[in-house]
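Please look over the sequence and the 3D structure shown here before reading on.

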Amino acid sequence: MSIFHGTVGFYRHFRPDVPEAVADILDAAAPVGSPRRLLDIGTGVGLAVEALRGRFDDIIGIDPDPEMLTVAENALRPRLPAGAQLRFEEVTAEEFAPPAGWQADLVTICRTFHWLDQTRVLNQLDAQVSPDGVVAIFADKSFWAAHHDWEMAVRRVIQDFLGEERRAGSGTFHEQRRPDSQALRDSPFNQVEESVVPVHRTWTANSILGYLHSTTFAEPELFGDRINEFDNAVRAALARCSDTDTFVEENEFLIHLGRRPSVRR
């Protein structure tokens with residue numbers, strides 16, 4: 001069972017989209033060709049694929065969660081540009097094997113790199129990426145990495161119900177020790193560029209709760225029959241931070257682009 005079991009409905013509706021400015025950077029980094037191929041690792045409900053829709057014409061999205069893939073398929077297939085190919089595969093990044101002769105011009109790993117066997121996946125990608133291809137690892141900060149007053153208030157409520165340590169479904173989240181940039185430098189894609197895209201968002205109590213229930217640290221199953229009690233506690237904490245049900249977030253997407261050394265192009 002996927003660690004995101006039970007979150008899929010919240011994930012599609014409440015996880016923030018990948019901004020167009022991020023898509024522009026990814027698009028510009030990848031080589032131009034025909035067909036132009038995209039591999040999206042940990043595709044989930046297809047947010048990265050959706051952001052890049054129309055910029056690549058041969059797309060594979062992989063994820064081990066069949067519920068997520070069903071939602072991605074239903075959301076994206078009807079809006080696929082004419083002539084484009086889209087395949088979703090229920091498989092982990094560690095076990096994925098592309099079709100014979102298929103190589104990606106861009107690999108996107110959005111908000112999921114910390115769940116992977118990073119060394120294994122990056123080494124495998126050496127055979128799955130075209131000679132001029134790019135591996136992009138990118139994410140914004142979750143509410144757990146709180147720095148706004150209202151985010152810290154929400155995190156305190158979660159900790160009151162579930163304990164001080166960040167949960168990861170039924171287990172505990174272990175922070176990776178190696179930065180994403182260093183993981184790339186230790187891989188075949190060791191020519192690394194970094195970009196930062198600022199993000200401004202406005203939330204309500206409803207959208208905050210929807211987002212929380214899309215995460216592995218506050219998914220509904222963790223609270224059992226106390227879920228309504230938790231939701232009410234979050235609403236009360238938020239009400240103390242704003243009397244207009246408006247919560248402003250300043251966030252950013254940190255993007256790492258990895259390429260092979262020029263001598264291998």
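**Strand pairing**

I59 has L86, in β3, as its bridge partner. This is a predicted model, in which local features need pLDDT of at least 70 and side-chain atom pairs count only at pLDDT 80 or more, while totals for chains, interfaces and linings use all residues. Residues are numbered from 1 along each chain as its sequence is written, and side-chain values use heavy atoms, with hydrogens and water left out.

- Strand β2 (residues 58-63) runs parallel to β3, and the two pair over six bridges; pairing requires at least two DSSP bridges between the strands, and strands are DSSP runs of E with at least two residues, helices runs of H or I with at least four, numbered from the N terminus.

**Nonpolar cores**

- The largest nonpolar core has 30 residues, and those with the most contacts inside it are V22, L26, L106 and F138; such a core is a set of buried Ala, Val, Leu, Ile, Met, Phe, Trp, Tyr and Cys residues joined through side-chain atoms within 4.5 Å.
- The most residues in this core, four, come from α2.
- A second, separate core of 24 residues includes W150, A205, L209 and V234.
- Leaving aside residues up to four places away in sequence, F138 touches (heavy atoms within 4.5 Å) residues including V22, L26, C110 and F253.

**Cysteines**

- C110 is buried at a relative accessible area of 11%, whereas C241 is partly exposed at 38%; buried means under 20% relative accessible area, exposed over 50%, and partly exposed in between, with a 1.4 Å probe and protein chains only.
- The structure holds zero disulfides, a disulfide being a pair of cysteine sulfur atoms within 2.5 Å.
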